[in-house]
Amino acid sequence: MSAETFEFQVEARQLLQMMIHSIYSNKDVFLRELLSNASDALDKLRLEALRDDTLGADVSDLHITIETDPQARTLTVRDNGIGMSREEVVQLIGTIAKSGTAAFLKEMQQSGDAASGERLIGQFGVGFYSAFMVADDVTLLTRRAGETQGTRWTSGGEGTYTIEDVPEAPQGTSIVLKLKPEDSEDQLHDYTSPWKIREIVKRYSDFITWPIRMAAEQPAAAAGEESAEEGEEAAAPEPQTLNSMKALWARSRDEVTDAEYHELYKHISHDWIDPLETIRLQAEGTFEYQALLFIPSHASQDLFMQGYRRGVQLYVKRVFIMDDCEALLPSYLRFVKGVVDAQDLSLNVSREILQQDRQIQLMHRRLAKKVLSTVKEMMTAEPERYATFWREFGRVLKEGLLGDGTERDAILAASTFATTHDKDTPTTLADYVGRMKEGQEHIYYLTGESRQAVESSPHMEAFRAKGVEVLLLTDPVDEVWVDVVPGFDGKQLRSVAKGEVDLGGTEDAEKAEGEREKQQQEYADLLAWMTESLSEKVKEVRLSSRLTVSAACIVSDADAITPALENIYRAMGQEVPQVKRILEVNPGHPLIAGLNKARADRPDDPALGETAELVHSLALLAEGGELTDPSRFVSLVTGRLQAGL
């Protein structure tokens, strides 16, 4: 068939330009990416052949071959793996379907941040494009196992690519790079040099479980030496295997360097940055398995996006089974990467079977416990590394508090929270409990959009005045888990914006109670009148024991959901009944005291009703709420300002 020319998707074209005018300093990693893709293709073919007897693919000698041609300045990476159909070539190489790519590209181009740019390839699974860092032209020839026709893809990376059908093509994929001229200043090495290829493979891909082969260098013939038979060409040397093919998770810790672990992590995750932590686990007994897990140093851009590919690689007796085995780790640990190699599973195990398998469930629990205990140890022994972990993954980890409670205590023990005790250092719940004042019965917290908004909330005034510590919870998930977790170490979690607040245990309780009763009698008529006047907006108006500076605040019943949580449910499409809240007023504030006196002196003055309405609106705004009728509020304020001139 004649060749057809297509245009790259906009995002793919932008990425290609970044590769051609590369911002990456270490260009050697292009070979790591191509070898990683080839390894994946071999894994997939072996698995497909196990599951489909009719595939008809040769799996007797699965391998990767590297060929160099210094005269033509080409480098070829070839595998006899699963290959691609014509449709897959267009889908996987001509477009970048991952959501968020365009936004991330724009952000990176604007910032010019090379460090964040180096994460792009791994973030969006487009390692193939890294070939354009070192090549002017790239040609890909591929045939999918089980099909008869191959496909050739060629491009110079300038916005278009050409595809044509190839009747005679070997099974698998070969990628031929027409290399750019060597340029040591731009870190463009001679990638036709055998020693350079060996160095890159040893550094980045030594652990790949398939042989990576390259023709051995032919020794130069001695001067005057003739072949045994005139015209006879010297036999081609046997190809040499460049990698050790040793599964790192099967080797003892003292046999493996940190650098080797880090390269395995980069191979698995397609990340460009070393992991934050490496976790080894070996289980023996009735069900044997080995696990090598990694906690990344940074959160993926799509960690909270729908469709995020989570899970670790599953092997059975070193045979690759699946890439993203979700059954092995809970969703709140979806950032963890790694390998689990089980000895007693069937090679034909499916995702559906895994979800119900009792042994897999035991592995799931033990792996989760191991990760959480590692995080807890990191908190104690390496607080700076833990701070990085919590900054990147704390939001995700707290999702686990919404589960069935199996690991709730372990998650709480591995969690820290911002606190009024120290603005720079988060606290554990255990440390909070250890600092509680004598007579304090609850662990107090307040949720909100930011630390600044929470700290300036009127609900905090009495706690600040009496030196009672409050946890400042600003992640969206905090709105949910605080209602699910009953408490910690026998202490109940209590929102400072809900229910009645009694801090009498920290002061002279009898004196405070007497003052309270006196104020209750003095303000009884005002409270009843305001409750009636604002009946469409609030459930009740009462005196506050949490205010020291502000005139009023709005609180919820002890068992009611917060307005922020209402908004979250509505955003999810769930209907939430409108709940009236409680307006608390500060009897010590001049505005409330003046309103009480004016009400006693002029009970029929219509302006007092407007003042009560303004008190409610101001309290709503102070907590970051939204007014139901902003124009009405503006009109009332404008009128009061005019009257005061």
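Biologist: Happy to start simply: how many cavities of 30 Å³ or more does the structure hold?
Modeller: This is a predicted model, where local features need pLDDT of at least 70, side-chain atom pairs count only at pLDDT 80 or more, and totals for chains, interfaces and linings use all residues. Side-chain values use heavy atoms, without hydrogens and water, and residues are numbered from 1 along each chain as its sequence is written. On a 1 Å grid over the protein atoms alone, a cavity is a set of points where a 1.4 Å probe fits but cannot get out. With a threshold of 30 Å³ or more, the number of cavities is 2.

Biologist: What volume does the largest cavity have, and which residues are the closest to its centre?
Modeller: A volume is the space filled by probe spheres set on the grid points, which are joined across faces, edges and corners. For the largest cavity this gives about 110 Å³. Lining residues have an atom within 4 Å of a point; there are 14 of them here, and the closest to the centre are S39, T209, H267, Q313 and Y315.

Biologist: Which elements give two or more residues to the lining of the largest cavity?
Modeller: Helices (H or I, at least four residues) and strands (E, at least two) are DSSP runs numbered from the N terminus. The lining of the largest cavity has two or more residues from each of helix 2 (29–51), helix 8 (258–269) and strand 12 (312–316).

Biologist: And by class, what does the lining of the second largest cavity have?
Modeller: About 30 Å³ of space lies in this second largest cavity, and S556, A560, I561, E566, V579 and R581 line it. Ala, Val, Leu, Ile, Met, Phe, Trp, Tyr, Cys and Pro count as nonpolar, Asp, Glu, Lys and Arg as charged, and the others, Gly among them, as polar. The lining of the second largest cavity comes out as 3 nonpolar, 1 polar and 2 charged residues.

Biologist: Let's open things up: which helix gives the most to the lining of the second largest pocket?
Modeller: A pocket is an open set of points with protein on both sides within 12 Å along at least five of seven lines. The second largest pocket has a volume of about 1,400 Å³ and 49 lining residues, with P563, R581, L620, E623 and G625 nearest its centre. Elements supplying at least two lining residues include strand 16 (442–447), helix 21 (606–622) and helix 22 (630–644). The top contribution, 6 residues, is from helix 19.

Biologist: How are helix 21 and helix 22 oriented to each other?
Modeller: Their axes, lines fitted to C-alpha atoms over the stretch in contact, come within 10 Å and cross at roughly 120°; angles run from 0 to 180 degrees between N-to-C directions. Under 35 degrees counts as roughly parallel, over 145 as roughly antiparallel, 65 to 115 as roughly perpendicular and the rest as oblique. Helix 21 and helix 22 are therefore oblique.

Biologist: Now helix 20 and helix 21: which residues of helix 21 make the contact?
Modeller: Helix 20 (residues 590–601) packs on helix 21 at about 155°, with the axes 11 Å apart. Helix 20 is therefore roughly antiparallel to helix 21. Contact means heavy atoms within 4.5 Å: L591, I592, L595, A598 and R599 of helix 20 meet, on helix 21, L608, T611 and V615.

Biologist: One last pair: into which classes do the contact residues of helix 10 with helix 11 divide?
Modeller: Helix 10 (residues 358–381) and helix 11 (residues 383–397) pack at about 140°, their axes 8 Å apart, which means that helix 10 is oblique to helix 11. Among the residues in contact are L372, V375 and M378 of helix 10 and R385, Y386 and F389 of helix 11. By class, the contact residues divide into 9 nonpolar, 1 polar and 1 charged.
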